[in-house]
Amino acid sequence: MNLEQLIAQFRIDVDDLVQPYLWPDEWVAPWLTEAVSEAAVRGRLLYEAADPAICEIAVTPGMAAYPLHASLYELVSLRFKVAGSDRSEPVHIKTREELDRIRPGWRDRSDSQPRFAIQDDTRLTLVDRPSADGVLYLEGYRLPLKPLANDNDKPEIHEAHHLQLVQWALYRAFSKPDSETVDALRADKAEAAFTRYFG
C-alpha cells in the first residue's frame, strides 16, 4: 500500500469521509510515518548489512569514538579491517562495566586491531583505541530512511504489514485532545491492536 491508500483506509476506519476532514492529511501522514518507525523497532523489521553509508565507518588512528548513522538503533555484528589487510576481525560489543572488569586500563590502551566496542545511543567507542587506519563494518537494525510524504510513497517494511500501520494512526487520532474527536476507548483499542501485531 502507498501513503494515499493508507490514508484512505484510515478515513474508512474512522468514518471521516467528507471534507472538511476532522483529521487532515497533513496530520495523518506523519502518524503513518511514525507507525512505520514504531513497527520497525518493535518487530525488528529492517536489518541493514549492505548500505556502505550506514554500515561502514572509516577509522582514523588515535580516534576511538565515531557517530553511528542516525537510522541505526541496534548493532548485531561488528568487524574491523586494518588498512591493507584482506580480512576483517570481529569486534565484540561490551558495556563499560564489563570492560572495567575484563580489560583494566582500557581507556588508555591502543592497538592496531580493536577487539571491543561500546554502543551508546548515537555513537560507538572502539576499545582499544585504534592505532592504524581501517574500516569498521556494521550490521544491525535500523529505522526507515525516509518519511511518507508523497501519495505514492510506500513504507519500507513488507507489504504484509502495511494495513496494520493504520492502527497506530487511529490511536494517534483518537488520542488528540480535541472535544470533537478524542475517544480514549477507541485509542486504547487501536494501540492494543498495533501492539498485538508488532510487539
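Q: What does contact mean here?
A: Contact means heavy atoms within 4.5 Å. The model is predicted, so local features need pLDDT of at least 70, side-chain atom pairs count only at pLDDT 80 or more, and totals for chains, interfaces and linings use all residues. Residues are numbered from 1 along each chain as its sequence is written, and side-chain values use heavy atoms, with hydrogens and water left out.

Q: Okay, which residues does Leu32 touch?
A: Leu3, Leu6, Ile7, Leu148, Leu165, Val166 and Ala169. That leaves out residues up to four places away in sequence.

Q: Which residues touch the most other members of the largest nonpolar core?
A: Leu32 is one of them, along with Phe10, Trp23, Val28, Trp31, Leu165 and Leu170. This core has 29 residues. A nonpolar core is a set of buried Ala, Val, Leu, Ile, Met, Phe, Trp, Tyr and Cys residues joined through side-chain atoms within 4.5 Å. Buried means under 20% relative accessible area, exposed over 50%, partly exposed in between (1.4 Å probe, protein chains only).

Q: Which helix gives the largest share?
A: Helix 2, with eight residues. Helices are DSSP runs of H or I, at least four residues, numbered from the N terminus.

Q: Switching to Thr33. Buried or exposed?
A: Thr33 counts as buried, because its relative accessibility is 18%. Thr33 sits in helix 2.

Q: What is Thr33 in contact with?
A: Pro147 and Leu148, leaving aside neighbours within four places in sequence. A polar atom of the Thr33 side chain lies 2.8 Å from the backbone nitrogen of Leu148.

Q: And Val18, where is that?
A: In the loop between helix 1 and helix 2. Val18 is exposed, with a relative accessible area of 63%.

How values were computed
Helices (H or I, at least four residues) and strands (E, at least two) are DSSP runs, numbered from the N terminus. A polar contact is a pair of N or O atoms within 3.5 Å; within protein, one must be able to donate a hydrogen and the other to accept it, and residues adjacent in sequence count only if both atoms are side-chain atoms.
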